[in-house]
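Thank you all for making the time this morning. I would like to walk through one model with you, going from its sheets to its cores and ending with a few backbone details.

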Amino acid sequence: MCGIVGYTGSKPAKDALINGLSMLEYRGYDSAGIAVLDGLGGMDVFRAVGLVDELKQLVAGENLTGVTGIGHTRWATHGKPSRINAHPHRDCSGKIAVVHNGIIENFNELRSELIARGHHFASETDTEVIPHLLEEAYQGDLKQAMLAILPRLQGAYGLACVHVDHPDEIVAVRKESPLVVGCSADCAMVASDTPAILDVTRDVVYPEDDTVVVLHSDGTAQFFDATGAEVHPKTVHLEWDQNAAKKDGYDDYMDKEIHEQPRVVSDTLKGRLKDGRVVIDGLELDEEDIAALDRVVIVACGTSYHAGLVAKYLIEAWARIPCDVEIASEFRYRDPIVSPSTLVIAITQSGETADTLAAVQLARTYGASVFAVTNRLGSRVTRECDGVIYARAGLEISVAATKSFLAQITALTLLAEYLAQVRHRFNRSQVRMFYHSMLELPQQIQQILDHPEPVRRAADLIGDATSALFIGRGIGYVVCMEGALKLKEISYVHAEAFAAGEIKHGPIALVTEQTPVVAVAVHSPTREKTVSNILELKARGARVIGIATEGDEEVERICDATIFIPRIRSTLSAITASVPLQMLARLVAIDRGCNVDKPRNLAKSVTVE
Ligand code: F6R
């Protein structure tokens, strides 16, 4: 969704802003803009519909030497994508400019009030009320003006503003929208997400809600709470290497991130077995509480929801605790059965998904212990939950989740083992056995990545089909759900996953000779049943792509193309079987000329409902 960036320092702000905005492109947007203070009491504002590249071209010939500025990528909510609606927005005097991520819910009321007091509005956006409110509150101190207007703003915001009379300063604030601040020897930056400031520093601060930040061009930042008292939030060091936000020789981020998965799985496992016991730092629940749990409820959206479905199989099979997985946007509007003996797990890569956060808040009202599985240090979910398990995938830029999904299911597999160990379902040697099987996963994933040819053949089978079906059973069914989501979101091929046993109850009517079907038939207690389903589909002319365990000649014989994965316990197979489906979706998307990293209409962090 929208991205904001601000730079104040010793160099021209323009370059840092354009670079920062390009690093936020993955969030999804439809227009972009910057405002740069000229240091002489003026401000230059440039806005463009479309890509950051359009904005870059717009400012290319401009002699912008100002060292302080703010920028924005807009994902339209109030008002269509247009130059007029693109940020930054200004007040009537043109002295104040604001960029904003989030939604001001009471903007209609504020706008009417401001218009009645003589303000002129240039856009249809909710954001524009902010510069006008600041204009009224400003009495020579921008920070004070910001503190004064905060009580008037309802909704979610991460925002940054500048005033021509303060050419060495940016004022920023957040509430329920992400914001990160980083300082170096010669500049200070603020942004919606860390990639925008990684070139400057990896020591960052994630301000709390309602903290007002003042960034100074000498490379310092001050933080104030809502009463105006100075606070000193802790600095977090990001482990990401400098190439985290670069393609590193790959054609696209998705390819890079798919290829990082062996390392990611190994990072997520690292240090989480000690003396034959799984250890999960950050869980913040003692073993007595875990023993007393009578239910687990998982809330998540999209790919993270699929990770939750994998966890359900494992938690129920190993720890024998009933586990429900709920789509967060449904859960939040139900009257769910949650109690203090329910463990609620929120899974969210970004840690900022609005529906998942709302589900967390609802669960807390029932007195449940809530913890998060997230990939993002300092994200909002980490502040709203009792405990956090980090999926150590590193920065994921491609909109389609790949490595973060594998990291999530690896972390959740460890959690299921942990719950089984605490409830005495697993003894030390069983825990060791599973953990050691998991240690084989990185090398197995590498083996799949090293042999892309069968995936190429499978992509050719999908060819120009307009629809594809995915079938599987058990964990294989969840792998199919995720595979179908990947295919539809990046290649725009309509794709649906079905439990293989269900196809005779309706979906088989869809099958013609043109229908590609992906069948996950890896070694598992239900493999034979899936093989029978493949035969039924073949009898109706379907083109079947099998995902099978190495050496499975039967699946190879009956399918039109087969992708083999190395033999692994079936309970761990989602971690390997998902990889060829990610590769398949990417190839089909590329064959169709799609931008795999930035699928149309999608945003990486869905920070609004
Ligand atoms: C799909 C994808 C989305 C996200 C979903 C939840 O590839 O990335 O379906 O999984 O928007 O996002 P998080 O995990 O950040 O809560």
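Predicted model: local features only at pLDDT ≥ 70, side-chain atom pairs only at ≥ 80, totals over all residues.

Let me begin with helix H1, in which Ala13, Lys14, Ala16, Leu17, Ile18, Gly20, Leu21 and Met23 are buried. Eight of the 11 residues of H1, which spans residues 13-23, are buried, so the helix is largely enclosed by the rest of the structure. What is it, then, that covers the buried residues of H1? The cover includes strand E1 (3-9), E2, H2, E4, strand E10 (187-191) and helix H6 (253-259).

**The antiparallel sheet**

Several of those elements bring us to a sheet, so let me turn to that. Eight strands make up an open sheet with antiparallel pairing, and their order is E3-E2-E4-E1-E10-E9-E11-E15. Strand E3 (43-49) and strand E15 (236-237) are at the edges, and each has a single partner strand, so one side of each is left without a neighbour in the sheet. Against this sheet packs helix H2 (residues 52-60), which touches strand E2 (31-37), E3 and strand E4 (68-74), and whose direction makes about 140° with that of E3. At the E15 end, strand E11 (residues 203-205) is joined to E15 by two antiparallel bridges, and there Asp203 has His237 as its bridge partner.

Seven of its seven residues are buried, so E2 is largely enclosed by the rest of the structure. Both of its faces are covered, with Ser31, Gly33, Ala35 and Leu37 buried on one side and Ala32, Ile34 and Val36 buried on the other. E2 pairs with E3 in the antiparallel sense over seven bridges, and in that pairing Val36 stands opposite Asp44. The two strands form a hairpin with five residues between them, and in the turn Gly39 has a positive phi of about 80°. Seven bridges also join E2 to E4, again running antiparallel, and here the partner of Ala32 is Thr73.

**The parallel sheet**

Now to another sheet. This one is open and has five strands, in the order E19-E18-E20-E21-E22, with parallel pairing. Its edge strands are strand E19 (323-327) and strand E22 (387-390), each of which pairs on one side only, and the twist from one strand to the next averages 20°. Strand E18 (residues 295-300) and E19 run parallel and are joined by five bridges, with Asp324 in E19 as the bridge partner of Val297. Helix H9 (residues 302-319) packs on this sheet and touches E18, E19 and strand E20 (342-348), its direction making about 170° with that of E19. Helix H11 (residues 354-365), for its part, lies across E18, E20 and strand E21 (369-374), and runs at about 165° to E20.

**The nonpolar cores**

Which residues touch the most other members of the largest nonpolar core? That core has 95 residues, and the ones in question are Ile315, Ile345, Leu415 and Phe470. The greatest contribution comes from helix H13 (residues 403-422), which gives 12 residues. If we set aside neighbours within four places in sequence, Leu415 is in contact with Ile280, Leu283, Ile345, Phe371 and Ile389. Apart from this core lies another, of 37 residues, among them Ala16, Leu21, Met23 and Ile197; of these, Ala16, Leu21 and Met23 are buried residues of H1, where we began.

H13 also packs with helix H7 (residues 261-269), at an angle of about 30° and with the axes 9 Å apart. That angle makes H7 roughly parallel to H13, and H7 passes H13 in a right-handed crossing. On the H7 side the contact is made by Gln261, Val264, Val265, Thr268 and Leu269, and on the H13 side by Lys403, Leu406, Ala407, Thr410, Ala411 and Leu414.

**Backbone details**

I will finish with some places in the backbone that I would ask you to look at. Most residues other than glycine have a negative phi, and most peptide bonds are trans. His87 and Pro88, however, are joined by a cis peptide bond, with omega about 0°, and Pro88 lies in the loop between E4 and strand E5 (89-90). Asp275 has a positive phi, near 50°, in the loop between strand E16 (273-274) and strand E17 (277-278), and is exposed, with a relative accessible area of 65%. Asn601, in the segment after helix H20 (573-591), likewise has a positive phi, near 70°, and counts as exposed at 65% relative accessibility.

Note on methods
Residues numbered from 1 in each chain as written. Heavy atoms only, no water. Core = buried A, V, L, I, M, F, W, Y, C linked by side-chain atoms within 4.5 Å. Buried < 20%, exposed > 50% of the residue type's maximum accessible area, 1.4 Å probe, protein only. Helix = DSSP H or I, 4+ residues; strand = E, 2+ residues; numbered from the N terminus. Contact = heavy atoms within 4.5 Å. Pairing = 2+ DSSP bridges. Axes fitted to C-alpha atoms, helices over the stretch in contact; angles between N-to-C directions. Parallel < 35°, antiparallel > 145°, perpendicular 65-115°, else oblique. Left-handed = near helix turned anticlockwise from the far one by under 90°.
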